Amino acid sequence: PDDLGRLDLDDILGTINEEVRRRFGEGEVADYIPKLAEVPKDRFGMALAMLDGRVHEVGDARERFSIQSISKVYTLTLALEAAGDALWTRVDREPSGDPYNSLIQLELEKGIPRNPFMNAGALVTADVVLSNYDDAERMLLDFMRARSGNPEVGTDDVVAKSERESGYRNVAMANFIRSYDNLHNDVQDVLDFYYQQCALRMDCVDLARSVQYLADGGRCRATGEAVTTAEGATRINSVMMIAGTYDAAGDFAYHVGLPAKSGVGGGIVAVVPRVMGLCVWSPGLDEKGNSLLGRYALHRFTRMTGLSVF
Ligand code: GLN
């Protein structure tokens, strides 16, 4: 951070943008959610939200996309605030080594998901949020509007419906977790809230700002609120590091070196502690379900700036 002033961040973003655009077409859009299969692949945006409020952006940083699993960062924050350490009796905080939609460890571990960022774990945090907040959907929407400073943030009901109609695997998972009494609300209500959180539509600038509290000891710059404590922010960052990109978390630590959380809409948020929140977006995914060009962009960014936590 000390020599940050010497970096020309706009120049670096420009270089990354050019490199990424040459690779357009790589990766596959998520097509298991039919509505997401319609998103064009030739898009790339990147935004940096610095702690002093400045924003650097490039490419399609103002085009909205489906945030999908990036939402799990915010529901984890809310669930931890509500339940405190007791949350960890219901969901673990270990890397999984398995895909985001895997069920395999659930039986071995008696309905306790490996971490809050796999779908199984996110269903549990969604359940905790539902139990602790009246009108959880409204509350989460307000939370995201406040964090991003953008009152226009909304939900794409078509995407939520598309997932509700095709989410057989999540239905199986939720019922399986329920069989171990690790969901306390109606299974359908948990799934509906989960699809709703995944269907939030935001752009890179919104998301870079929304994750900034994790770079700033839990403090939200837009509202001045303490969203979580400094300790809470450190912990959430650590879980992002070990599980935010699922079974590619080791590879991300190696090539990127920042706490990060991806979504199958092609977005990835990342945190440079004490420096910035950032977001990249490009819809083509790699085989692990992370944005292929987004990952490349983050790799180039940390190499060009030296801003990795390592
Ligand atoms: N809504 C998606 C699902 O449940 C989220 C997955 C993701 O973004 N990795 O499958």
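Author: Happy to; we can go from the overall picture to the strands.

Author: A word on the source: this is a predicted model, where local features need pLDDT of at least 70, side-chain atom pairs count only at pLDDT 80 or more, and totals for chains, interfaces and linings use all residues. Residues are numbered from 1 along each chain as its sequence is written.

Reader: Great. How many helices and strands does the protein have?

Author: The secondary structure comes to 12 helices and eight strands. These are DSSP runs numbered from the N terminus, with helices being H or I of at least four residues and strands being E of at least two.

Reader: And how does the radius of gyration sit against the globule rule?

Author: The radius of gyration is 18 Å, close to the 19 Å that the rule gives for 310 residues, so the protein is as compact as a globular protein of that length. The radius is taken over C-alpha atoms, and the rule is 2.2 Å times the number of residues to the power 0.38. Along the principal axes, the C-alpha atoms fill a box of roughly 55 × 40 × 35 Å.

Reader: What share of the residues is buried?

Author: Buried residues are 52% of the 310. Buried means 20 or more other C-beta atoms within 10 Å of the residue's own, exposed means 12 or fewer, and partly exposed lies in between, with C-beta atoms placed from the backbone.

Reader: Switching to strands: how covered is β8?

Author: Strand β8 (residues 276-281) is mostly covered, with six of its six residues buried. M276, L278 and V280 point one way, while G277, C279 and W281 point the other.

Reader: Nice, so which strands pair with β8?

Author: Strand β1 (residues 45-50) pairs with β8 in the antiparallel sense over six bridges, and A49 stands opposite G277 there. Strand β7 (residues 267-272) also runs antiparallel to β8, joined by six bridges, and I268 has V280 as its bridge partner. Pairing here requires at least two bridges found by DSSP between two strands.

Reader: What about the hairpin of β7 and β8?

Author: Three residues lie between those strands, and R274 takes a positive phi near 70°.

Reader: Last one: what is the strand order in the open sheet of three?

Author: The order is β3-β5-β4, with antiparallel pairing. The edge strands, β3 (65-66) and β4 (154-155), each pair on one side only. Two bridges link β3 to β5 (residues 200-202), and S66 stands opposite R201 in β5.
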